[in-house]
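Take a look at the model below.

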Amino acid sequence: KKAGKIADKTCSEKKVLSISYWSKDKITCPICKKTFEKEILRSGSGRMIAGSLTDELHRNFERSAKYGMVYPLIYEIGACPNCFAAFFWSDFNEKIPPEDQNKIFEQSDKRKKTVDNIFPYFNLKKERTLYDGTAMYLLALMTYDCMGEYAIPTLKQAIISLRLAWLCKDLNQRCADHNFDFVSHSFYAKALYFYQQAVIVEN
C-alpha cells in the first residue's frame with residue numbers, strides 16, 4: 001500500500017495550466033445507471049507535441065514547456081466510479097444484454113480489488129493522471145471480458161492490453177523501482193494472446 005501511495009504521488013503532474021475539462025453533459029453508466037462526469041482532453045495551444053512513431057506504431061509525445069507531459073491515450077477510456085465498469089467512450093451507448101449487464105455489475109468488487117493490487121489508491125473522481133488513466137484501462141480489460149461478440153471484445157482487449165503495456169512503460173520511466181516494467185511485459189504477452197485470438201475468431 002505504501003508503494004502505491006508513493007507511485008500515485010510520484011506519477012501525479014502539478015497542473016498549473018488546464019490540460020482537460022469536464023463535459024457539461026454527464027455520462028450514464030450502462031451497468032449501474034449512475035451518472036458521472038466525462039473528462040475531455042483539450043487540444044491546441046501546444047499541449048501535445050507529437051514525437052517519434054515507434055516500431056509498434058505508438059506515437060510518443062514530447063514534454064511541453066507550458067503543460068509538461070501529456071498522455072492522450074488515457075482520455076480514451078471512461079470508467080464509472082460507482083461500479084468500476086470501464087469502456088471506450090463510444091461503447092457507453094452500446095446496447096448491452098441484461099445478462100451481461102448483471103455479470104459486469106456482479107464483478108464490480110472483483111474489478112476494483114484486482115486493479116487495487118497493481119494500482120493502489122487509484123482515483124476515478126478527479127482529473128486523471130497517468131497512474132489513474134492506466135488503472136482505467138485495466139478496469140476496461142476486465143469489463144470487456146464479460147461481453148459477447150456484439151462488442152468485439154477480443155480485438156478491444158488486444159488493443160487495451162497493448163496500450164496498457166505502453167502506459168506501464170511510461171509509468172516505469174517516471175516511477176522507478178515499482179515494477180511497472182515487469183507489468184508492462186505481462187501486458188505485452190496478453191496483447192499477443194488477444195491479437196492471436198482475434199485472428200482465429202475472424203477466420
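This is a predicted model: local features need pLDDT of at least 70, side-chain atom pairs count only at pLDDT 80 or more; totals for chains, interfaces and linings use all residues.

Two packed helices are described by the angle between their axes and the distance between the axes. Here, helix 4 spans residues 130-144 and helix 5 spans residues 153-174. Their axes lie 9 Å apart, at an angle of about 155 degrees. Angles over 145 degrees count as roughly antiparallel. Helix 4 and helix 5 are therefore roughly antiparallel to each other. The crossing of helix 4 past helix 5 is left-handed.

Which residues make the contact? Helix 4 contributes Leu130, Tyr131, Thr134, Tyr137, Leu138, Ala140, Leu141 and Tyr144. From helix 5 come residues including Pro153, Ile160, Leu164, Leu167, Cys168 and Leu171. By class, the contact holds 13 nonpolar, three polar and four charged residues.

Now turn to Thr154, which sits in helix 5. Thr154 touches Phe194, Gln197 and Ala198, leaving aside residues up to four places away in sequence. Thr154 and Tyr193 are 39 residues apart along the chain. Their C-alpha atoms are separated by 9.6 Å.

Last, the cysteines. How many disulfides does the structure hold? It holds zero. For Cys80, the nearest cysteine sulfur is that of Cys32, 3.6 Å away. A disulfide needs sulfur atoms within 2.5 Å, so Cys80 is in no disulfide. Is Cys80 buried or exposed? Cys80 is buried, with a relative accessible area of 1%. Cys146 also counts as buried, at 5% relative accessibility.

How values were computed. Residues are numbered from 1 along each chain as its sequence is written. Side-chain values use heavy atoms; hydrogens and water are left out. Axes are lines fitted to C-alpha atoms, for helices over the stretch in contact, and angles run from 0 to 180 degrees between N-to-C directions. Helices (H or I, at least four residues) and strands (E, at least two) are DSSP runs, numbered from the N terminus. Angles under 35 degrees count as roughly parallel, over 145 as roughly antiparallel, 65 to 115 as roughly perpendicular and the rest as oblique. A crossing is left-handed if the near helix is turned anticlockwise from the far one by less than a right angle, and right-handed if clockwise. Contact means heavy atoms within 4.5 Å. Ala, Val, Leu, Ile, Met, Phe, Trp, Tyr, Cys and Pro count as nonpolar, Asp, Glu, Lys and Arg as charged, and the others, Gly among them, as polar. Buried means under 20% relative accessible area, exposed over 50%, partly exposed in between (1.4 Å probe, protein chains only).
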